Amino acid sequence: MTLTADLVIATAVAYVGLLFLVAYLGDRATRDRPGGFLRSPFVYTLSISVYCTSWTFYGAVGSAARSGLEFATIYLGPTLVFVGWWFILRRLVRISHDQRITSIADLLSSRFGKSSRLAVLVTVLAVIAIAPYIALQLKAVTSSIEAIAGSSIFGRGSLEGWGEVGMALGVAAGMALFTILFGTRNVDAKEQHHGVVAAIALEAIVKLTALVAVGMFVLYSGGGLDAIFTRAEEAGLDIHASETFGDRWVATLLLAAAAIICLPRQFQVTVVENSDESHLRTASWAFPGYMLLMSLFIIPIALYGLTTMPAGSNPDMFTLTLPLAAGQDGLALFAFIGGFSSATSMIILESIALSIMVSNHIVVPVMLRLTAGDGIGEGQSVRRLILNARRLSIILILFLGFGYFYLTRGSDALAPIGLISFTGVAQFLPAILAALFWRDASTRAAIAAISVGFLVWLWSSFMPSFASSSPMVAQIMAEGPFGIAWMRPQALFGLIGLEPLAHAVFWSLFLNTSVLVVGSLVTNQSALEHVQAALFLNVFSKSASETNPLRGSAEADDLFLIARRVLGHERAVTIFSEEAKQARMAWTSLEPSSAFIHRLERELAGSIGAASAHVMLSKVVTGSAISLEEVMQMADETQQAIEYSQELERTSSQLRATAEKLEVANQQLRRVDQQKDEFLSQVSHEVRTPMTAIRAFSEILLSEDDLDANARQRFMATIHKESLRLTSLLDEILDLSALERGERSWENRPVNAEESVDQALQVCDALARHSQTVVQTSQRAGRSIVLADSDRLSQVLINLISNAIKYNGATSPEIDVRSRVDGTNYIVEVADNGVGIPAQERDRIFDKFYRGRLGEAFAGAGLGLPISREIVTRMNGNLELVSDGANGACFRITLPMLVQKRRGRTSIAVPGV
Amino acid sequence: MTRRKIIAAALVFAIFGVLAVFPPLVVLFRYDFRVFGVPVENLYIFALWTLLVIGARLFSQILPHDEPTRVKRGDDAP
């Protein structure tokens with residue numbers, strides 16, 4: 001077999017064709033039979049081994065040739081991460097499943113309040129950081145083709161005239177085309193690429209087999225391990241790791257451990273492409289085992305190459321050049337395919353992962369912003385736009401890789417280029433760990449931390465790699481910018497003595513972490529950050545997935561429109577049909593629950609990233625997220641509740657006042673009720689006395705036939721007298737009751753009050769004479785017009801005068817009836833010289849049936865004074881007892897006088913009005 | 001062993017792995033001596049690596065199986 005450059009290229013193209021076929025079949029097999037072989041944990045593990053790129057295949061041997069065991073750190077770091085899978089990777093996978101995370105930028109953005117700025121930052125930085133890594137692959141593939149072409153006796157064949165740069169450009173273009181064909185045929189809602197994973201798994205087997213084959217060949221040719229090491233020692237090589245376990249050892253271990261988490265393609269295969277969390281269980285030992293196998297023969301190959309190959313041979317290409325030198329063309333071709341496999345798988349996955357980030361976090365948000373209305377361009381398919389954005393970003397990423405290759409083509413080693421990328425992506429590690437474990441990490445701090453880490457990386461790791469091609473960079477490295485020595489990229493702040501890689505790793509990660517920690521301590525989280533942080537930290541508690549940050553309501557039509565544009569018609573119909581079935585509702589009358597909106601958001605996030613999905617849905621979901629407005633509304637509701645409770649308190653105090661009033665009223669009622677009872681009892685008593693007399697005398701008259709006429713006459717007179725008394729009593733009761741209830745018709749007319757006084761004096765004249773009482777009138781007011789009922793006024797005066805006569809008790813009784821005008825009042829007084837009314841009785845003399853101690857001996861029901869007072873009150877006047885007990889009693893009637901108005905109208909002069 | 005103890009053991013194992021590959025432990029094996037013709041530090045690193053793989057396999061079997069029974073994203077669409 002004769003190996004030529006043309007044959008190698010043809011084989012490579014054929015191999016790519018095979019990969020494409022595998023990818024196609026893989027996609028179809030997964031579609032027909034989900035959960036088949038392609039979903040097995042071993043395929044998952046093999047796809048993770050995309051970590052082993054041409055850096056491993058070629059560069060590890062070169063690294064081992066230059067610094068011995070150090071190459072192993074690149075695989076020991078990931079081994080440790082996978083051995084501790086339970087604590088970090090499992091958490092990452094679970095969170096990403098729950099939140100439908102599609103990339104490392106999406107993860108950070110999602111945790112830090114769905115921040116689009118953070119997502120854009122991470123995306124841009126990842127694209128820049130990966131450029132050297134892509135360049136490494138281009139360089140490896142180009143060098144391997146060069147190595148075969150250079151050793152071929154047929155010269156360069158059709159490569160004649162192609163320089164290294166031209167070939168690298170050709171490889172880059174071919175890879176771009178290949179990746180676009182592979183990775184951007186459709187937008188999967190979950191960003192899973194089963195076909196691609198199948199192809200990557202095949203490539204993993206090919207590269208492992210090829211490397212092991214070369215290793216076996218070397219062992220066989222070199223006569224076993226002992227012989228190889230002995231010969232190397234004899235050749236003066238340092239086979240013992242004399243200076244290996246220093247700061248560089250620590251730095252590369254740390255970087256490799258960070259890279260297996262932070263590299264976009266590793267995140268893609270380990271987290272996003274993971275279809276079953278239990279696969280991680282298998283990968284936890286199988287992937288370290290794979291790397292162990294890959295590494296087993298690296299040192300023997302390196303030492304054998306160093307001892308057998310001519311001086312000045314590129315140790316990076318030993319894997320290929322050793323079989324070539326031995327004339328093993330078949331093995332050399334296999335080795336080439338192995339190296340080609342490792343490069344293509346890395347480039348395909350890395351550019352797919354980066355293109356997803358670019359389209360989801362830069363292109364879609366820009367598009368959303370440009371179409372401010374409903375968030376979706378009319379008539380423009382979001383899917384097509386996303387696919388085109390991805391194709392463009394793949395070309396951009398490979399072009400950046402080529403650019404880096406072009407600028408640094410002077411350096412020859414592969415591994416240092418890879419480590420530059422590792423240091424770059426390691427800047428995401430502090431933020432990722434904070435996302436997984438620290439609740440208080442804030443968005444602003446994360447953005448600042450990643451930015452600071454990246455600036456240090458750019459300055460002390462990325463820029464120095466251009467030193468060989470740029471004299472200006474070389475000068476800055478030697479003297480610092482503008483001669484500022486402490487800013488020299490590899491001796492920042494005067495830190496010298498550290499190996500350059502360790503130096504860059506230390507400063508970038510130290511400053512990055514410090515800014516993150518201090519920044520988070522001094523800044524506050526937004527409501528959404530708070531919610532997301534809780535979701536990330538509580539990912540293993542049951543209720544975590546129930547929480548829904550996007551709340552509110554939306555029209556099913558709007559949601560469907562968005563879902564169709566992003567997920568495609570078929571998928572959207574499936575989701576909505578499921579929901580309709582669950583809700584037992586017609587498709588059209590579906591009212592999206594907040595759980596459904598949440599699910600839809602996650603579905604969308606699977607296609608366009610958490611931040612974009614959130615923005616997109618927020619435009620149609622009313623009520624949006626936990627916005628400031630919502631918080632304000634919550635505050636309002638609280639305020640309303642407070643106001644309501646205050647109102648309740650007021651009402652209850654009103655009720656208390658009412659209850660008190662009711663209590664008072666109740667007491668009054670009780671008193672009145674008691675009065676009524678007393679009144680009834682009095683009335684019964686008053687009625688009973690004459691009735692008893694009448695009954696007794698009438699019984700005597702009926703039973704005693706021999707009564708003389710005289711006695712009979714006396715009894716009859718008594719019965720008559722008692723009947724009259726009874727009638728008069730009942731009249732008085734009826735009169736008082738009617739007066740009190742206002743039933744009696746009453747008409748006040750202007751009358752001369754003095755006439756009523758005269759009439760009363762005349763009526764009482766006989767009674768006065770009979771009881772030998774002197775009635776005098778010491779003072780008269782003269783004509784006085786008041787509004788009154790003259791008969792009723794006379795009745796009152798008669799009552800007062802007759803009382804004064806009856807209850808006088810003096811030896812020479814005298815009564816004085818006098819009247820006068822006092823201001824606008826007419827006053828008439830009836831005074832006697834009797835025993836008067838004792839102080840303790842004065843309050844009660846106007847009560848019904850009260851007769852006082854003297855009254856007991858006299859006839860009368862004790863209703864005269866109450867009736868009189870009631871009558872005077874009806875005439876707007878006042879009846880009162882004015883004398884003290886010593887000089888007899890004096891009752892005074894005060895009535896308002898009628899004032900003649902000038903216009904002839906009349907009115908009552910009411911005192912005080 | 002209880003669930004908590006198994007998880008603690010897994011953590012200790014991982015931390016042991018970390019300590020074993022970092023200085024100063026790794027420097028213990030740095031002396032000019034060869035076992036079966038292989039420098040002792042090479043042998044140490046690869047033996048440790050093998051041990052880590054075997055230990056990881058053991059823990060992958062005994063660590064609690066509490067994965068969600070069905071991961072949605074994997075089987076509801078092609």
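I'll start with one residue: A:T282 is partly exposed, because 17 other C-beta atoms lie within 10 Å. On that scale a residue is buried with 20 or more other C-beta atoms within 10 Å of its own, exposed with 12 or fewer, and partly exposed in between, the C-beta atoms being placed from the backbone.

Before going on, some housekeeping. This is a predicted model, in which local features need pLDDT of at least 70 and side-chain atom pairs count only at pLDDT 80 or more, while totals for chains, interfaces and linings use all residues. Residues are numbered from 1 along each chain as its sequence is written, and chains are lettered from A and ligands numbered from 1 in the order in which they are written.

Back to A:T282. This residue sits in helix α13 of chain A, residues 279–296. Helices here are DSSP runs of H or I with at least four residues, strands are runs of E with at least two, and both are numbered from the N terminus. Setting aside neighbours within four places in sequence, A:T282 is in contact with A:P41, A:F42, A:T45 and B:S60. Contact means that the C-beta atoms of two residues, placed from the backbone, lie within 7 Å. A:T282 and A:T45 are 237 residues apart along the chain, yet their C-alpha atoms are separated by 7.5 Å.

A:T45 brings us to helix α2 of chain A, residues 41–48. That helix is mostly covered, with 6 of its 8 residues buried. The buried ones are A:V43, A:Y44, A:T45, A:L46, A:S47 and A:I48. They pack against α9 (194–222), α12 (264–272) and α13 of chain A.

Now the chain as a whole. Chain A has 34 helices and 9 strands. Of its 913 residues, 47% are buried. Taking contacts in chain A between residues at least 6 apart in sequence, 80% join residues at least 24 apart.

Next, the cores. A nonpolar core is a set of buried Ala, Val, Leu, Ile, Met, Phe, Trp, Tyr and Cys residues joined through C-beta atoms within 7 Å. The largest has 230 residues, and A:L108, A:V122, A:A126, A:C262 and A:A446 touch the most other members. This core lies between domain 1 (5–415) and domain 2 (548–626) of chain A, because both give residues to it. The domain bounds come from an automatic or database domain assignment. Apart from that core lies another, of 39 residues, including A:V757, A:A760, A:A788 and A:L797. What does A:A446 touch, leaving aside neighbours within four places in sequence? Its contacts are A:L108, A:F112, A:L118, A:A431, A:A434, A:A441 and A:L516.

One helix pair is worth a look. Helix α31 (790–806) and helix α34 (864–874) of chain A pack at an angle of about 145°, with their axes 10 Å apart. The axes are lines fitted to C-alpha atoms, for helices over the stretch in contact, and angles run from 0 to 180 degrees between N-to-C directions. From α31(A), the residues A:R792, A:Q795, A:V796, A:N799, A:L800 and A:N803 meet A:G864, A:S868, A:I871 and A:V872 of α34(A). By class, this contact has 4 nonpolar, 5 polar and 1 charged residues. Nonpolar covers Ala, Val, Leu, Ile, Met, Phe, Trp, Tyr, Cys and Pro, charged covers Asp, Glu, Lys and Arg, and the others, Gly among them, are polar.

On to chain B. It has 3 helices and 2 strands, in the order α-β-β-α-α along the sequence. Buried residues make up 23% of its 78 residues. How many residues of chain B are in contact with chain A? There are 39, and they touch 41 residues of chain A. Elements giving two or more residues to that side of chain B are α1 (3–21), β2 (38–39), α2 (40–62) and α3 (72–75). Of these, α2(B) gives the most, with 11 residues. By class, the side of chain B that touches chain A has 24 nonpolar, 7 polar and 8 charged residues.

Most residues other than glycine have a negative phi, and most peptide bonds are trans. A cis peptide bond joins B:P23 and B:P24, with omega about 5°. B:P24 is in the loop between α1 and β1 (34–35) of chain B. A:F493, not a glycine, has a positive phi of about 55°. That residue lies in the loop between α21 (471–479) and α22 (500–522) of chain A, and counts as exposed because it has 9 C-beta neighbours inside 10 Å.
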